[in-house]
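Here are some notes on side-chain contacts, for reading beside the model. They cover charged pairs and aromatic rings.

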Amino acid sequence: MKRSSAALAFLLAAAVAAPGAGPAWEVVAPGVRVELPRDLAPHPAFQTEWWYATGLLEDAGGMRYGVQWTLFRRGLDASPPRPGESELRPRQALSGHLAVADISRGAFRSAGRARRVAAGLAGWSGDGTRVWLEDWELEARPDGKLRLLASAEEKDMALDLVLHAGSPPVLQGDGGFSRKGGEAGNASAYFSLPRCRARGTLELDGRRLAVSGTLWFDREWGTTRLGEGTPGWDWFGLRLEDGREVTLYRLREADGSAGPLSSCTLSTGGHATRSLGAAAFTLEPAAFWKSPASGARYPVGWKLAVPSEGLDLEVQALLQTCEVDGLRSVGAVYWEGPVAVSGSARGEGYMELTGYSPPGDGKGLAGK
């Protein structure tokens with residue numbers, strides 16, 4: 001389920017409200033079929049979707065970086081354009097986040113933006129092989145590789161990466177059908193590419209660095225949101241050195257406990273091996289970091305056990321200060337950063353923590 005991160009906040013806090021009447025958005029139903037490269041393209045008949053890449057890179061000097069690149073699409077009006085309607089009236093919107101955790105130097109920075117799909121500000125090509133948000137871009141190449149571009153001059157950072165999946169997609173949930181709530185339609189289509197080989201450049205403070213590493217690419221689309229009484233979630237994408245991957249999300253109840261639709265998927269080389277429910281694993285916080293900017297208290301260390309798989313793991317943030325200020329772009333503040341895995345297996349990955357900071361007023365943390 002992921003990726004809702006800011007994506008769900010974007011869904012709930014879109015800048016332009018859709019009319020109450022008109023055609024309805026489609027919903028994801030059981031039996032959905034995920035197909036590549038087709039499903040890398042936008043799904044505008046559904047109200048929301050996201051393209052999400054997170055992972056670890058290293059430069060020629062051995063310095064390590066965690067990176068997050070995301071694009072979110074939000075449908076604002078499902079009806080077709082009306083006669084005489086201005087082309088500037090948005091029916092879709094795109095939002096994006098770029099974040100870099102400079103692990104070796106202990107520094108974190110993030111940037112975001114949101115634009116209407118109108119007047120060339122944001123959009124996608126007719127065949128869906130290119131999606132752009134101003135100069136941020138996802139390109140699905142004919143050779144199966146993905147190119148990710150993003151820059152943020154205000155934070156002195158830019159990213160230009162080419163990703164090669166090298167394995168089939170992991171279909172999350174029931175063959176790609178990921179249920180989010182108890183009501184009909186509370187679901188999304190969801191697949192992951194956990195071990196994308198990445199190579200390209202990272203620019204920080206005027207330094208242009210050649211980098212390479214491994215990224216986790218998530219793709220999800222749907223319409224309805226999570227069920228009521230779910231204030232947030234904790235998501236983990238972990239690559240273990242023994243070749244296994246762990247995709248886990250805990251949907252938190254109001255009391256902080258795991259909701260019944262929390263899920264864990266075990267995979268190897270892109271092939272899902274087991275999809276487990278909430279009763280099959282335990283996840284307990286073991287360390288915390290309090291943000292001086294938002295006041296949110298994030299669990300940045302965890303103990304994770306999956307007894308049926310022989311996993312007894314410790315997951316620890318490689319940099320604690322990875323709070324993403326998305327108030328101006330998606331209306332939410334959340335934590336997302338790289339983690340190290342130890343215990344019965346070793347590995348690395350990314351973690352996302354949402355719902356620990358209350359919604360903002362759109363001014364951003366710097367304006368508070």
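1. Arginine 91 is buried, at a relative accessible area of 11%. The model is predicted, and this value is computed from it. The cut-off for buried is under 20% relative accessible area, so arginine 91 falls on the buried side at 11%.

2. Arginine 91 has a salt-bridge partner, aspartate 77. Their closest N and O atoms are 2.9 Å apart. Both residues sit in the loop between β2 and β3, and they are 14 residues apart. Aspartate 77 is buried too, with a relative accessibility of 6%.

3. The pair is part of a network. Salt bridges link Asp77, Arg82, Arg89 and Arg91. Across the whole structure, the search finds 25 salt bridges.

4. Look next at aspartate 234 and arginine 250. Their side chains form a salt bridge, 2.9 Å from N to O. Aspartate 234 belongs to strand β14 (residues 232-240) and arginine 250 to strand β15 (residues 244-252), so the contact ties together parts 16 residues apart in sequence. Aspartate 234 and arginine 250 are both buried.

5. Arginine 130 pairs with glutamate 137. Here the closest N and O atoms of the salt bridge are 3.3 Å apart. Glutamate 137 is buried, at 15%.

6. Now the rings. How many aromatic pairs does the model hold? The count is 6. One of them joins tyrosine 52 and phenylalanine 72, edge-to-face. The centres are 5.9 Å apart, and the planes make an angle of 65°. Edge-to-face requires planes over 60 degrees apart, so the 65° of this pair qualifies.

7. Tyrosine 52 is buried, with a relative accessible area of 1%. Phenylalanine 72 is buried at 0% relative accessibility.

8. Tyr356 deserves a look from two sides. With Trp289 and Tyr298, Tyr356 makes up one aromatic cluster. Arginine 252 lies over the face of tyrosine 356, 3.9 Å from the ring centre.

9. Another arginine is placed over a ring. The charged end of arginine 297 sits over phenylalanine 288, at 3.8 Å from the ring's centre.

How values were computed. Residues numbered from 1 in each chain as written. Predicted model: local features only at pLDDT ≥ 70, side-chain atom pairs only at ≥ 80, totals over all residues. Heavy atoms only, no water. Phe/Tyr/Trp six-rings, centres within 6.5 Å; stacked < 30°, edge-to-face > 60°. Buried < 20%, exposed > 50% of the residue type's maximum accessible area, 1.4 Å probe, protein only. Lys NZ or Arg CZ within 6 Å of the ring centre and 35° of its normal. Salt bridge = Lys/Arg side-chain N within 4 Å of Asp/Glu carboxyl O. Helix = DSSP H or I, 4+ residues; strand = E, 2+ residues; numbered from the N terminus.
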